[in-house]
Amino acid sequence: MTTVFTLGNSDGERRCTAACHDATGPVCACLCGGRFHGAARKPGGVEEALQEAGEQFLASLKAEDPESYHAILRAVDRQRQLALPMGGAR
Ligand SMILES: [Zn+2]
């Protein structure tokens with residue numbers, strides 16, 4: 001079962017999972033607030049919903065907190081460089 005994201009605090013942990021992604025009813029009781037509700041049944045599925053959510057998050061972060069936005073981009077670049085095989089891309 002794919003978990004899109006998890007939120008936890010001292011009261012426990014909640015997850016957005018296939019129970020939400022495969023849902024057919026109109027009401028979402030998940031912590032995602034409906035963003036991924038029934039997404040597996042739509043064209044593009046959960047993967048496309050995740051892509052859209054990520055793009056919207058980065059766009060709002062760029063507008064509201066450019067410093068954090070650029071810090072995330074630098075971290076992603078570093079992660080990509082670490083993922084390259086020895087000697088880097090040629
Ligand atoms: Zn959900």
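This is a predicted model: local features need pLDDT of at least 70, side-chain atom pairs count only at pLDDT 80 or more; totals for chains, interfaces and linings use all residues.
How many bridges join strand S1 to strand S2, and in which direction do the two strands run?

Residues are numbered from 1 along each chain as its sequence is written.

Now back to the strands. S1 covers residues 5–9, S2 covers residues 12–16, and 5 bridges join the two, which run antiparallel. Strands pair if DSSP finds at least two bridges between them. A hairpin of 2 residues takes us from S1 to S2. If you look across the pair, leucine 7 stands opposite arginine 14 in S2. S1 is hardly covered, with 0 buried residues among its 5. By buried I mean that 20 or more other C-beta atoms lie within 10 Å of the residue's own; 12 or fewer is exposed, in between is partly exposed, and the C-beta atoms are placed from the backbone.

Let's step back to the whole chain. There are 3 helices and 2 strands, in the order β-β-α-α-α from the N terminus. The radius of gyration is 17 Å, well over the 12 Å that the globule rule gives for 90 residues, so the chain is more spread out than a compact globule. That radius is taken over C-alpha atoms, and the rule is 2.2 Å times the number of residues to the power 0.38. Helices here are DSSP runs of H or I with at least four residues, strands are runs of E with at least two, and both are numbered from the N terminus. The C-alpha atoms fill a box of roughly 50 × 30 × 30 Å along the principal axes, and 11% of the 90 residues count as buried.

So where do we find a core? The largest nonpolar core has 8 residues: Val4, Cys16, Cys20, Cys32, Phe36, Ala39, Val46 and Ala49. Such a core is a set of buried Ala, Val, Leu, Ile, Met, Phe, Trp, Tyr and Cys residues joined through C-beta atoms within 7 Å. Take cysteine 32: leaving out residues up to four places away in sequence, it touches Val4, Cys16, Cys20 and His37. Touching means that the C-beta atoms, placed from the backbone, lie within 7 Å.

You'll find it in the loop between helix H1 (18–21) and helix H2 (45–64). Is histidine 37 buried or exposed? It counts as buried, because it has 23 C-beta neighbours inside 10 Å. Beyond four places in sequence, histidine 37 touches Cys20, Ala23, Cys28, Cys30 and Cys32. Alanine 23 lies in the loop between H1 and H2 as well, but is partly exposed, with 19 other C-beta atoms within 10 Å.

Last stop, the helices. H2 and helix H3 (residues 66–83) pack at about 130°, with their axes 5 Å apart. That makes H2 oblique to H3. Angles under 35 degrees would be roughly parallel, over 145 roughly antiparallel, 65 to 115 roughly perpendicular, and the rest are oblique. The axes are lines fitted to C-alpha atoms, for helices over the stretch in contact, with angles from 0 to 180 degrees between N-to-C directions. Where they meet, Leu58, Leu61 and Lys62 in H2 face Pro66, Ser68 and Tyr69 in H3. Glutamate 67, also in H3, counts as exposed, with 8 C-beta neighbours inside 10 Å.

Definitions and conventions: Two residues are in contact if their C-beta atoms, placed from the backbone, lie within 7 Å.
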